[in-house]
Amino acid sequence: MSKTYLQFVNEDISTDHGLYSFRKPSLHSLEILNQWIQENQIPNPISPAELHATVVCSETAVPTYTPDPKSIWINPATYSIAILGEALVLRFRSEVLSRQWEQAKAMGAQSRWPTYQPHLSLSY
């Protein structure tokens, strides 16, 4: 049986191995994004069902963090492309995700990166 997003994240925040939290794009965002991926001929695209934006990836547990299971709107006017490691990513602006990241850091999350840039991995 597959786990729900909330089950997955709640299990992850209740352990000693850190915190990983993400948000899924809204259905409308996915429709626009899928069309954009096709129009721009993105090679080896990740399945739409697996697209997500990481909110926080912390090496330390944050028991007081509460994940938000709601999907997010990704405004196409804020799209930009970048390479992160081996991934082709779509960067975008999101005050909602940036605030969540700041809140997690204030609660004790420790990130390898000093700043947060909302993004979706599109292809590897």
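Visitor: To begin with strand S1, in which sense do S1 and strand S2 pair, and over how many bridges?

Guide: Happy to walk you through it. Please keep in mind that this is a predicted model, in which local features need pLDDT of at least 70, side-chain atom pairs count only at pLDDT 80 or more, and totals for chains, interfaces and linings use all residues. Residues are numbered from 1 along each chain as its sequence is written, and side-chain values use heavy atoms, with hydrogens and water left out.

Now to your strand. S1 (residues 19–23) and S2 (residues 53–58) run antiparallel to each other and pair over five bridges. Strands and helices here are DSSP runs (E, at least two residues, for strands; H or I, at least four, for helices), numbered from the N terminus, and two strands pair if DSSP finds at least two bridges between them. S1 is mostly covered, with four of its five residues buried; buried means under 20% relative accessible area, exposed over 50%, and partly exposed in between, with a 1.4 Å probe and protein chains only.

S1 also takes part in a charged contact. Arginine 23 and aspartate 68 meet through their side chains in a salt bridge, at 3.5 Å from N to O; the term covers a side-chain nitrogen of Lys or Arg within 4 Å of a carboxyl oxygen of Asp or Glu. Because aspartate 68 sits in the loop between S2 and strand S3 (80–84) while arginine 23 belongs to S1, the pair ties together parts that are 45 residues apart in sequence. Both of these residues are buried, aspartate 68 having a relative accessible area of 18%. Aspartate 68 has a salt bridge with lysine 70 too, where the closest N and O atoms are 3.3 Å apart. Lysine 70, at 53% relative accessibility, counts as exposed. Through shared partners, Arg23, Asp68 and Lys70 are joined into one network.

The structure holds three salt bridges. Another of them links the side chains of arginine 112 and glutamate 59, at 3.1 Å from N to O. Arginine 112 is in the loop between helix H3 (95–106) and S5, and glutamate 59 is in the loop between S2 and S3, so this pair ties together parts that are 53 residues apart in sequence. Arginine 112 counts as exposed at 61% relative accessibility, and glutamate 59 counts as exposed at 53%.

From there, let us move to strand S5 (residues 119–123), where serine 123 is found. Serine 123 counts as buried, at 5% relative accessibility. Its side chain reaches the backbone oxygen of proline 43 at 2.4 Å, in a polar contact (a pair of N or O atoms within 3.5 Å; within protein, one must be able to donate a hydrogen and the other to accept it, and residues adjacent in sequence count only if both atoms are side-chain atoms). Leaving aside neighbours within four places in sequence, the contacts of serine 123 (heavy atoms within 4.5 Å) include Ile42, Asn44, Pro45 and Leu88.

Proline 45 is worth a stop of its own. It lies in the loop between helix H2 (27–39) and S2, and at 44% relative accessibility proline 45 counts as partly exposed. With neighbours within four places again set aside, proline 45 is in contact with Ile37, Leu122 and Ser123. The C-alpha atoms of proline 45 and serine 121 are separated by 8.9 Å, although the two are 76 residues apart along the chain.

Not counting residues up to four places away in sequence, tryptophan 36 touches Ile42, Tyr79, Ile81, Leu90 and Leu122.

Finally, stepping back, the chain has three helices and five strands, following the pattern α-β-α-β-β-β-α-β along the sequence. Buried residues make up 40% of its 124 residues.
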